[in-house]
Amino acid sequence: MRVHVDMTLCQTHAQCVYAAPDVFGLDGDDVLTYDAAPDDALTGDIELAVRACPVQAIAVRHD
């Protein structure tokens, strides 16, 4: 699985961080960070994060 966040769309609402904290986070400057190749066991949380993103900035590709 590959996760990509379009940082030009992201407005740092952080809904993804709440939905999938093992994949998404905020650094010290409140900039979104994420694991682009998370474990498949996190698929459910990632799908929640995709749906929670108010600007639809998260894309997932299943390899």
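**Notes on the predicted model**

1. Asp-30 sits in the loop between strand 2 (24-26) and strand 3. Strands here are DSSP runs of E of at least two residues, helices are DSSP runs of H or I of at least four residues, and both are numbered from the N terminus. Asp-30 is not a glycine, yet its phi is positive, at about 60°.

2. On provenance: this is a predicted model, in which local features need pLDDT of at least 70 and side-chain atom pairs count only at pLDDT 80 or more, while totals for chains, interfaces and linings use all residues. Residues are numbered from 1 along each chain as its sequence is written, and side-chain values use heavy atoms, with hydrogens and water left out.

3. Overall fold: the protein has two helices and four strands, and from the N terminus the order of elements is β-α-β-β-α-β. The radius of gyration is 10 Å, close to the 11 Å given by the globule rule for 63 residues, so the protein is as compact as a globular protein of that length. That radius is taken over C-alpha atoms, and the rule is 2.2 Å times the number of residues to the power 0.38. Along the principal axes, the C-alpha atoms fill a box of roughly 30 × 20 × 15 Å.

4. Buried means under 20% relative accessible area, exposed over 50%, and partly exposed in between (1.4 Å probe, protein chains only). Among contacts (heavy atoms within 4.5 Å) between residues at least 6 apart in sequence, 61% join residues at least 24 apart.

5. Thr-12 is another residue other than glycine with a positive phi, near 55°. Thr-12 belongs to the loop between strand 1 (2-5) and helix 1 (15-19). Its relative accessibility is 34%, so Thr-12 counts as partly exposed.

6. Asp-35 is placed in the loop between strand 3 (32-34) and helix 2 (43-52). With a relative accessible area of 33%, Asp-35 is partly exposed. Neighbours within four places in sequence aside, Asp-35 is in contact with Val-3 and Val-23. A polar atom of the Asp-35 side chain lies 3.0 Å from the backbone nitrogen of Ala-37. Asp-35 and Cys-10 are 25 residues apart along the chain, and their C-alpha atoms are separated by 15 Å.

7. Which residues does His-62 touch, not counting those up to four places away in sequence? They are Met-1 and Thr-43. His-62 is in the segment after strand 4 (58-61) and is exposed, because its relative accessible area is 53%. Val-3 is 59 residues from His-62 in sequence, but the two are 8.8 Å apart in space, C-alpha to C-alpha.

8. Cavity: a cavity is a set of points, on a 1 Å grid over the protein atoms alone, where a 1.4 Å probe fits but cannot get out; lining residues have an atom within 4 Å of a point. Points are joined across faces, edges and corners, and the volume is the space filled by probe spheres set on them. The count is one cavity of 30 Å³ or more. The largest cavity has a volume of about 100 Å³. Its lining has 14 residues, with Cys-10, His-13, Ala-14, Cys-16 and Cys-53 nearest the centre. The lining divides into 10 nonpolar, four polar and no charged residues. Here Ala, Val, Leu, Ile, Met, Phe, Trp, Tyr, Cys and Pro are nonpolar, Asp, Glu, Lys and Arg are charged, and the others, Gly among them, are polar.

Definitions and conventions
Polar contact = N/O pair within 3.5 Å; in protein donor to acceptor, adjacent residues only side chain to side chain. 1 Å grid on protein atoms, 1.4 Å probe; cavity = no way out; pocket = protein on both sides within 12 Å on 5 of 7 lines; lining within 4 Å.
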